[in-house]
Structures are given as C-alpha cells and as structure tokens.
Amino acid sequence: MLHFVFLSPTAKVLIADWPERARRLVAEFRADYSRRPRDAEMQALIDELSEKSPLFPQLWREQAVLHREGGEREFNHPVDGPQRFLQTALLVASRQECKLVCLAPLILD
C-alpha cells in the first residue's frame, strides 16, 4: 500500500483526499514500525520510499503515530465516479503484524 500511495501517480487520482490519506498511512505505518524498530525489511522500505518519494520523508519526519482505525473511505473510480466504502481493520491479537483490511461498499439511500 505504501508503494502504491507514494510511488504511483494513479494513487493521487484514485484516492479522494489523497494528501490526508497519505499522511495517515505514514502515521499508521510508524505505529507498526514501533513494534519492530530493528526490522531490516521495514527499514529498507523506509529508505526506498524516502529516496523515491518527495513527500514520504517529510511525513516520516513528522513522527506522527496513529493506530489503524476504520471509517469511511472514498475513491474516484475512472468510469463510475466517486465510490464510498466502510473500512474495517481486523488485527490478530497474538501477531499484530497480521492485519486484514476490508472495504464494504456504502449504500447511499
């Protein structure tokens, strides 16, 4: 997800409110990183994103930490227009590095 959000130009079009969603994603990643600060793969990802994305290192230096929470998410579908979903994140208690993030369409009456 970090690769897509920070390295794909499509993300800026697809994700509604991209700047805020990108900021939140980095803060959520920092919460994950805090549980494994010596993880070489996570550090390699930070290094790569810092090198390839102008925004990522700026947000990383902010040191914001947020735990993943659900809520409404909006995407700009190229054919069907704005699409809204309810996001739910499920964490495995014994292995917090395992997460399942689900998006269910919001039905507007």
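## Exercises on a predicted model

Gln87 is found in strand E2 (residues 81-92), where helices (H or I, at least four residues) and strands (E, at least two) are DSSP runs numbered from the N terminus. The model is predicted, so to speak, with local features needing pLDDT of at least 70 and side-chain atom pairs counting only at pLDDT 80 or more, while totals for chains, interfaces and linings use all residues. Residues are numbered from 1 along each chain as its sequence is written, and side-chain values use heavy atoms, leaving out hydrogens and water.

**Exercise 1. Describe the surroundings of Gln87.**

Start with accessibility: Gln87 has a relative accessible area of 9% and is buried (buried is under 20%, exposed over 50%, partly exposed in between; 1.4 Å probe, protein chains only). Next, list its contacts (heavy atoms within 4.5 Å). Setting aside residues up to four places away in sequence, Gln87 touches Arg68, Glu69, Gly70, Gly71, Arg73, Val101, Cys102 and Leu103. Finally, look at Arg73: its side chain makes a polar contact with the side chain of Gln87 at 3.1 Å. A polar contact is a pair of N or O atoms within 3.5 Å; within protein, one must be able to donate a hydrogen and the other to accept it, and residues adjacent in sequence count only if both atoms are side-chain atoms.

**Exercise 2. Is His67 buried or exposed, and which residues does His67 contact?**

With 54% relative accessibility, His67 is exposed. Then go through its partners, leaving aside neighbours within four places in sequence: Arg24, Glu28, Ala31 and Arg35.

**Exercise 3. How do H4 and H5 cross, and which residues make the contact?**

Begin with the axes, which are lines fitted to C-alpha atoms, for helices over the stretch in contact, with angles from 0 to 180 degrees between N-to-C directions. Those of H4 and H5 come within 6 Å and cross at roughly 125°. H4 and H5 are therefore oblique to each other (under 35 degrees is roughly parallel, over 145 roughly antiparallel, 65 to 115 roughly perpendicular, the rest oblique). Now name the residues: Ile46, Leu49 and Ser50 of H4 meet Phe56, Pro57 and Trp60 of H5. To finish, take Phe56, which touches Leu2, Phe6, Val26, Ile46, Leu49 and Ser50, not counting residues up to four places away in sequence.
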